[in-house]
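Please open the model in a viewer and keep the selection tool at hand.

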Amino acid sequence: CCSSSCCCCSAMFIAGVVGLQLTLAIAYVAVPGSSLFSWHPIAMSLAYMTLLTFGIGVFHPTNTQSYKQKVWVHFLCNIAAALLSLGGFFVIYWNKELRDKPHFSTNHGFLGLIVTFATLLSAFGSSIFLSPSWTIKLVGKKNVKLAKTGHRIAATLIYVAAMVEMILSFYTTFWQTNVQEGLWQVAGFAAVILVAILVLSQVVFKGGKQTITTTQK
């Protein structure tokens with residue numbers, strides 16, 4: 001059990017570090033403030049690769065915080081990620097308006113629209129879990145476990161979609177223009193896939209079960 005917990009902790013630490021490094025790399029390529037568009041990839045990568053990843057990671061078994069503290073940290077990270085994502089969305093929307101370019105004309109743009117607003121709904125909707133008494137009042141005592149499971153499944157799908165969206169961003173004009181194909185391209189793909197695998201395997205499928213058990217005590 002100790003070995004399993006250590007592996008879980010190490011996996012989440014690696015996921016957090018890799019996610020942050022990719023965010024910094026994207027910021028370096030985008031050059032913050034160099035253009036209106038530059039804030040789009042920065043906001044999106046910070047939202048999903050860093051904040052959302054950390055927000056999910058707080059539920060790993062080795063985190064010694066109380067369940068209430070975990071829920072609040074998770075909620076705040078999700079809200080921050082959702083607001084950053086919305087900001088990044090408005091940046092790219094306004095940038096296209098100024099350049100008179102069509103909206104949502106690519107898979108990246110269309111999926112980005114869905115992921116952004118799904119993240120907002122999930123983040124603000126999760127506020128019902130901030131207080132056990134509030135949760136019971138809103139969904140009923142018998143439905144608490146079902147509501148938590150539904151939230152976890154929906155959030156998992158959103159996270160997976162966000163990682164797919166990150167991969168699609170490597171095919172955009174911005175990335176293709178500023179990053180040479182080869183090692184950097186492979187590194188970007190590898191970073192996103194690694195973070196996704198570590199988070200989903202170590203937290204969602206293992207930590208999620210622990211979360212439900214904890215709330216019933």
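**Helix pairs and the pocket**

In this predicted model, α2 and α3 are roughly antiparallel to each other, since their angle exceeds the 145 degrees set for that class. Select both helices: they pack at an angle of about 165 degrees, and their axes lie 8 Å apart. The crossing in which α2 passes α3 is left-handed.

Next, display the side chains of this contact. On α2, select Trp39, His40, Ala43, Met44, Leu46, Ala47, Tyr48, Leu51, Leu52, Phe54, Gly55 and Ile56. On α3, the partners include Val73, His74, Cys77, Asn78, Leu84, Phe89 and Ile92. Colouring by class gives 18 nonpolar and six polar residues in the contact of α2 with α3, with no charged residues.

The axes of α3 and α4 come within 9 Å and cross at roughly 150 degrees, which makes α3 roughly antiparallel to α4. Here too the crossing is left-handed, as α3 passes α4. From α3, select Phe75, Asn78, Ile79, Ala82, Leu83, Ser85, Leu86 and Phe89; from α4, select Leu113, Thr116, Phe117, Thr119, Leu120, Ala123 and Phe124. The contact of α3 with α4 comprises eleven nonpolar and four polar residues, and no charged residues.

In passing α6, α4 makes a left-handed crossing. Which residues of α4 meet α6? They are Asn107, His108, Leu111, Gly112, Val115, Ala118, Thr119 and Ser122. On the α6 side, select His151, Ala155, Ile158, Ala161, Ala162, Val164, Glu165, Leu168 and Ser169. By class, the contact of α4 with α6 has nine nonpolar residues, seven polar and one charged.

The largest pocket has a volume of about 960 Å³. To find its centre, select Phe37, His40, Ile92, His108 and Thr172, the nearest to that point among the 43 lining residues.

Which helices each supply at least two residues of this lining? Select α1 (2–30), α2 (39–57), α3 (67–99), α4 (107–125), α6 (144–169) and α7 (173–178). The lining of the largest pocket divides into 21 nonpolar, 18 polar and four charged residues.

Notes
Residues numbered from 1 in each chain as written. Predicted model: local features only at pLDDT ≥ 70, side-chain atom pairs only at ≥ 80, totals over all residues. Heavy atoms only, no water. 1 Å grid on protein atoms, 1.4 Å probe; cavity = no way out; pocket = protein on both sides within 12 Å on 5 of 7 lines; lining within 4 Å. Points joined across faces, edges and corners; volume = space filled by probe spheres on them. Helix = DSSP H or I, 4+ residues; strand = E, 2+ residues; numbered from the N terminus. Nonpolar A, V, L, I, M, F, W, Y, C, P; charged D, E, K, R; others polar. Axes fitted to C-alpha atoms, helices over the stretch in contact; angles between N-to-C directions. Parallel < 35°, antiparallel > 145°, perpendicular 65-115°, else oblique. Left-handed = near helix turned anticlockwise from the far one by under 90°. Contact = heavy atoms within 4.5 Å.
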